[in-house]
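I opened this model to look up its domains, sheets and cores. My notes follow in the order I took them.

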Amino acid sequence: MCGIVAYVGPRDAQPILLDALGRLEYRGYDSAGLAILNGKGVEVRKKSGRIEELAKACRAKPVEGKSGISHTRWATHGAPTDTNAHPHLDASGKLALVHNGVIENYLELKQHLTKAGHKFSSDTDTEILAHLVGESFEHSKEKGEKCLIDAVRKALQKVQGTLGIAVLHADLPGLVVGARRGSPLVIGVGNGENFLASDTQALAPYTDRVVILQDQEIVALYADHFDVASPLGQKAVHVEKIENGVASSDKGSHPHFMLKEIFEQPETVRNAFRGRLDLEESSTKLGGLNLSLDQLREYERIFVIGCGTALHAGMVGKYLIETLAKIPVDTQHASEFRYSDSPVHPKTLFFAVSQSGETADTLGALREAKRRGFRCLGICNNVSSTIARESDGGVYMHAGPEIGVAATKSFTSQVVIFTLLAILLGRLHSLSAADSRRLIEALQQLPDHLHALLKRSDEVRKIAAKFASARSMLFLGRLANFPIALEGALKMKEVTYVHAEGYPAAELKHGVIALVDKDTPTVLVATHDGVYDKNLSNLQEVKARGGPILAVAHEGDQKIGGLADAVFSVPKTHELIQPILNVIPLQLFSYHTAVALNRDVDKPRNLAKSVTVE
Ligand code: M6R
């Protein structure tokens with residue numbers, strides 16, 4: 001995680017760095033800092049807390065200078081304190097460095113440097129790297145610009161782990177050196193000024209011309225040019241023009257991004273299927289898969305990798321594909337897949353699901369799948385992301401920027417995409433045109449159903465107010481609603497800090513039921529389907545033990561209405577589309593509970609929107 005921005009040019013660096021850092025806050029927000037060459041040396045400001053805290057410190061005592069580096073942090077090594085915030089200085093105090101990633105052998109390096117007399121003021125792995133680069137630079141004869149680049153290269157040879165870094169030195173004004181290994185870094189190409197950042201979004205107001213650095217590359221950034229070198233030597237680069245979609249920082253009439261994004265779902269869901277329905281063939285069109293129908297028909301298995309919410313969407317996808325296309329689907333946490341030895345059937349098609357397209361675990365798993373020779377497609381929202389670039393094709397979500405740390409609209413878009421995929425695969429196998437048409441019609445009705453459902457937000461708010469004092473909750477569902485229960489529990493945990501667990505409903509009696517008491521609400525997803533009666537039995541089991549029941553049920557369900565302590569009513573749709581509606585009250589429930597508990601809804605503690613370290 002963590003975000004990096006650097007600037008070299010004729011303008012004051014401080015306002016540019018602070019502004020661009022603000023657009024990277026999704027990568028971490030526990031502390032931030034900057035270092036600027038002020039004509040006399042390196043001047044550093046760093047503060048724990050949000051970027052606004054750093055901005056306040058900079059407003060109180062501005063740093064003047066035309067080149068600088070900056071960082072927003074998500075702590076890996078060392079608590080989020082002022083001291084541990086980046087940039088870090090080397091032993092001479094003249095070299096400053098910011099770092100995104102993790103240095104795995106930092107303890108070993110620290111011991112070695114300590115023996116050589118180095119003193120450290122922070123608990124971070126990054127400070128070790130600053131000292132390593134500094135030591136190498138100090139040992140160089142000329143201490144010129146080339147020496148700094150060489151010092152970075154030599155230091156990186158000694159470290160293991162992932163990194164994106166930016167470095168400057170007091171004696172070399174007008175130069176920032178950047179390097180990438182595993183963590184993304186892009187050069188923003190300006191007129192008489194240049195930038196470096198963790199993603200293109202940070203630079204959107206400044207330039208639409210970028211160079212995406214590749215792994216192992218080092219860049220020397222000056223105001224009027226830049227040089228990129230790979231391990232093979234100097235490299236010609238390709239400047240790309242990007243669409244300058246400055247992420248909207250406008251919450252509209254909503255108090256939080258999370259609520260705004262929940263309410264965007266009628267539109268984002270429509271965007272996910274727009275232009276992808278093939279009414280003539282009663283099928284769907286997913287051109288981005290880069291596979292002909294014959295090629296697609298050849299795959300005998302599917303494997304979905306992702307993390308958190310994205311994996312939950314994949315789990316709904318498994319149910320859809322297995323039901324409609326009868327193709328076995330495996331789902332696995334990306335972090336587990338990448339290090340596991342499990343055999344995978346040779347005719348398997350992989351899908352890496354990621355809203356951000358930058359999640360390190362998912363990216364690592366994608367690379368591992370490709371290394372093993374599998375075709376791996378992406379389901380991403382961020383079109384210029386690393387996963388989107390490195391996959392062999394895929395489907396974009398077109399959900400627009402998701403700013404709230406809790407994923408909401410991206411989940412429903414991902415499930416819609418899996419529905420389109422399941423229909424497509426189903427039609428290549430045995431799904432009838434009539435059955436497919438019913439699903440397509442249900443998809444087309446989805447935005448209207450979502451509109452109707454969102455009007456019930458205030459009902460959910462009242463239920464949330466009643467149960468907000470609970471310290472633990474259970475979420476239960478079966479089949480495609482099991483991942484909905486998992487997703488409900490994940491949302492509850494991350495935005496309210498209330499302990500919550502998601503289970504297949506039948507698992508209740510295999511241990512979980514011991515948690516049931518009058519203070520532990522159970523949220524049961526129990527819309528009418530093939531397992532409705534089974535769910536009712538689970539409801540009775542919880543009730544018999546005095547546990548409050550909150551049920552997601554179809555509008556007008558009298559049976560559940562008579563038994564549950566509270567009902568989240570949802571419109572009825574096709575059984576396979578129903579999970580998309582069922583998740584909405586759970587998103588709203590966690591949101592309203594978080595507000596009732598006065599939590600920081602859009603930036604919950606300890607989290608970051610995009611998890612770019614493994
Ligand atoms: O960007 P990604 O979809 O790859 O992110 C994966 C998870 O980190 C993410 O879904 C996380 O679980 C969310 N904060 C959940 O709301």
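Predicted model: local features only at pLDDT ≥ 70, side-chain atom pairs only at ≥ 80, totals over all residues.

**Entry 1: Arg45**

I placed Arg45 in strand β3, which covers residues 42-48. Next I looked for a polar partner of the side chain. A polar atom of the Arg45 side chain lies 2.9 Å from the backbone oxygen of Lys61. Lys61 also turns up in the contact list of Arg45, which leaves out neighbours within four places in sequence. Other members of that list include Ala32, Gly33, Leu34, Leu54 and Cys58.

**Entry 2**

Tyr7 stands opposite Phe195 in β10.

**Entry 3: Val177 and a second sheet**

I moved to Val177, which sits in strand β8 (residues 176-181). Val177 has 1% relative accessibility, so it counts as buried. Which residues does Val177 touch, leaving aside neighbours within four places in sequence? They are Leu148, Ile149, Val152, Ile165, Ala166, Val167, Ile218 and Val219. I took the C-alpha distance for Leu148: it is 7.7 Å from Val177, across 29 residues of chain.

β8 belongs to an open sheet of 7 strands with antiparallel pairing, ordered β5-β6-β7-β8-β12-β13-β14. The edge strands are β5 (88-89) and β14 (233-235), and each pairs on one side only. I found 4 bridges between β8 and β12 (residues 218-221), in the antiparallel sense. Val176 stands opposite Leu221 in β12.

**Entry 4: a parallel pair**

I then looked at β18 (residues 301-306) and β19 (residues 329-333). They run parallel and are joined by 5 bridges. Ile302 stands opposite Val329 in β19. With helix α9 (residues 308-325), the two strands make a right-handed β-α-β unit.

**Entry 5: nonpolar cores**

I noted the general rule first: in soluble globular proteins, nonpolar side chains tend to be buried together. The largest nonpolar core here has 86 residues. Ile321, Phe475 and Phe589 have the most contacts inside this core. Helix α13 (residues 409-428) gives the most to it, with 12 residues. Domain 2 (251-453) and domain 3 (456-614) each supply at least three residues to this core. I listed the contacts of Phe475, not counting residues up to four places away in sequence; among them are Ala485, Met492, Tyr503, Val523, Leu586 and Phe589. A second, separate core has 30 residues, including Leu95, Leu129, Ile149 and Leu156.

**Entry 6: domains**

Last, I checked the domain assignment. It gives domain 1 (3-248), domain 2 (251-453) and domain 3 (456-614). How far apart are the C-alpha centres of domain 1 and domain 3? They lie 43 Å apart. I also looked up the contacts between these two domains: 12 residues of domain 1 are in contact with 11 residues of domain 3.

Note on methods
Residues numbered from 1 in each chain as written. Heavy atoms only, no water. Core = buried A, V, L, I, M, F, W, Y, C linked by side-chain atoms within 4.5 Å. Buried < 20%, exposed > 50% of the residue type's maximum accessible area, 1.4 Å probe, protein only. Domains from an automatic or database assignment. Contact = heavy atoms within 4.5 Å. Polar contact = N/O pair within 3.5 Å; in protein donor to acceptor, adjacent residues only side chain to side chain. Pairing = 2+ DSSP bridges. Right-handed = clockwise from strand over helix to strand, strands pointing away.
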